[in-house]
Amino acid sequence: RVTKTTRQLLYFEAETSTLKLAHKAVLILNKKTIKLSGFHELLKIQATEIDLSYPAKKDWENYFRERGVSSYEAGTPGDRPDTIRIRGFPMRWLTVATTMTTTGPDLDFTRKLFEKFGEIRN
């Protein structure tokens, strides 16, 4: 999908099901040209993967020290580094045809899926 446009650039964003497919897509698309209707010249493609940076232990310690928590492992659930908040997650990743309800993915199925990675406390 197009995420941003300027006079010189069109920004597209795409999602792949695996990291391996993302690497392959970048290798195939990078430095190719494309002809789009409405443009008189060929457009050059510059394909890259986005950088997903994650906080290090030092970042967590600084975050909680600034808030007056003596140990970053302390604190209330939801405000600790062992808490995962998921937003904008494609629901299709959490479902198979038999687990979809009228309001979204089946919660029991989703819980079982995430429990494979560790205990769920809430």
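Student: What makes up the secondary structure of the chain?

Tutor: Three helices and six strands, where helices are DSSP runs (H or I) of at least four residues and strands (E) of at least two, numbered from the N terminus. Their order from the N terminus is β-β-α-β-β-α-β-β-α. Do keep in mind that this is a predicted model, where local features need pLDDT of at least 70 and side-chain atom pairs count only at pLDDT 80 or more, while totals for chains, interfaces and linings use all residues. Residues are numbered from 1 along each chain as its sequence is written, and side-chain values use heavy atoms, leaving out hydrogens and water.

Student: Where in the chain is confidence lowest, and where is it highest?

Tutor: Strand S5 (residues 100–101) is lowest, at a mean of 60, and helix H1 (residues 19–29) is highest, at 89. These are pLDDT values, the predictor's confidence in each residue from 0 to 100. The chain mean is 76. Where pLDDT is low, the predicted coordinates should not be read in detail.

Student: Why is the pairing of arginine 111 and glutamate 115 called a salt bridge?

Tutor: The term asks for a side-chain nitrogen of Lys or Arg within 4 Å of a carboxyl oxygen of Asp or Glu. Here the N to O distance is 3.6 Å, so the pair qualifies. The structure holds one salt bridge.

Student: What makes arginine 111 partly exposed?

Tutor: Its relative accessible area is 34%; buried means under 20%, exposed over 50%, and partly exposed in between (1.4 Å probe, protein chains only). Glutamate 115, at 39%, is also partly exposed.
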